[in-house]
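Please work through the following exercises with the sequence and the structure at hand. Each task is followed by a solution in steps.

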Amino acid sequence: RSKSAGRNQATQFDDALHQAVLRNMGLTQALQQSLAAGEGLSLVYQPQYALEGEQRLVGAEALLRWQHPERGAVSPTEFIPAAERAGLIRMLDRQVIEMASRQIGDWKRQGRCTRISVNVSANTLQWEGLATFILEQLAAHDVPPHLFGVEIIETLLLESSRTTIGSLLELRRAGISIAIDDFGTGHSSLGYLQDLPVDTIKIDRSFVQGLEEGKGRKAPLVQAILAMARALDLNVVAEGVETEAQRAWLKHNGCQTIQGFLIGRPTDAGAFASSCLAELSSL
Ligand code: C2E
Ligand code: MG
Ligand code: MG
Ligand code: MG
């Protein structure tokens, strides 16, 4: 009896595994088709505001959205890892760089733009053609490099190779901003901060949440990060700011820039232009 129950469980497990594999295959295939057809992929933009003085737009993050032909919107937290596993991530990141460049070029021609940062995956950063590709895209769309930034995650910097450092140096020298995303969540040795041409760190949302309650060690940790950033002359962006109390705390403690639902959700290009870019004086 127990033997057959065991077999039954094994079958159920196989079924679940099979379903998961199928789902992943379907996802990957559909993503590949979207990439090939240039359909279903778009960018949304989330504003970043300086806290000092009058709150002022200083940049935005471009975030990828994918509309699956049958399933509708799929979260990047699902399809980005799937693309990484399937070897599609470089193609996807290139697509994002191209879409962002074109959009920045359009906004610039219309007279109002801010710096737009894109996320670049670990794998793409290992591609020796990355810096050249970015600079070509910017040139093709008549975008000055100071209007472009890249965000890279901390964990990958620990594996930083000659290629990675070379790409980052080339981009930085051209005037492109380089931010470390999700700062504080990797297994940091802080050594890379002195070796790599990084100009900005983004404090991860997990540190910002509950910050104002003054419980635990979040507040002193964030204060330490802010002090370190000041000493190293790095810009700081706090991610995932959702409450007025969090904003007040960050401002009081000398954080320069915030991003989060409190001041703006990611929105499509049209909405971003009319709600955020419209405030800027023309270029
Ligand atoms: P990330 O780069 O750290 O982006 C921030 C994420 O936090 C975004 O989720 C954003 O919508 C969300 N967020 C912003 N403000 C708040 C807030 O106040 N509260 C909360 N709860 N969430 C907030 P999203 O768009 O789902 O993206 C998730 C992750 O997927 C990104 O994390 C990034 O690692 C990756 N990703 C997104 N777009 C791209 C892309 O074009 N290329 C690559 N390689 N990765 C991307
Ligand atoms: Mg990011
Ligand atoms: Mg982040
Ligand atoms: Mg993140």
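Two strands are taken to pair if DSSP finds at least two bridges between them. The model is predicted.

**Exercise 1.** Determine which strands pair with β2, and in which sense.

*Solution.* Step 1: begin with β1 (residues 41-50), which runs antiparallel to β2 (residues 56-68) and is joined to it by ten bridges. Within this pair, Tyr45 lies opposite Ala62 of β2. The β1–β2 hairpin has five residues between its strands, and Gly53 there adopts a positive phi near 60°.

Step 1: turn to β3 (residues 72-74), whose pairing with β2 is antiparallel and comprises three bridges. Trp66 has Val74 of β3 as its bridge partner, and a hairpin of three residues leads from β2 to β3.

Step 2: examine β4 (residues 116-119), which pairs with β2 in the parallel sense through two bridges. Here Ala60 is bridged to Ile116 of β4.

**Exercise 2.** Identify the buried residues of α10 and what covers them.

*Solution.* Step 1: with buried meaning under 20% relative accessible area, the residues are Ala219, Val222, Ile225, Leu226, Met228 and Ala229. Step 2: residues three or four places apart in an α-helix point the same way, because there are 3.6 residues a turn. Step 3: the covering elements include β6 (177-183), β7 (200-203), β8 (235-238) and α11 (244-252). Step 4: after α10 comes Asp233, with a positive phi near 60°.

Technical notes
Residues numbered from 1 in each chain as written. Chains lettered and ligands numbered in written order. Predicted model: local features only at pLDDT ≥ 70, side-chain atom pairs only at ≥ 80, totals over all residues. Heavy atoms only, no water. Buried < 20%, exposed > 50% of the residue type's maximum accessible area, 1.4 Å probe, protein only. Helix = DSSP H or I, 4+ residues; strand = E, 2+ residues; numbered from the N terminus. Contact = heavy atoms within 4.5 Å.
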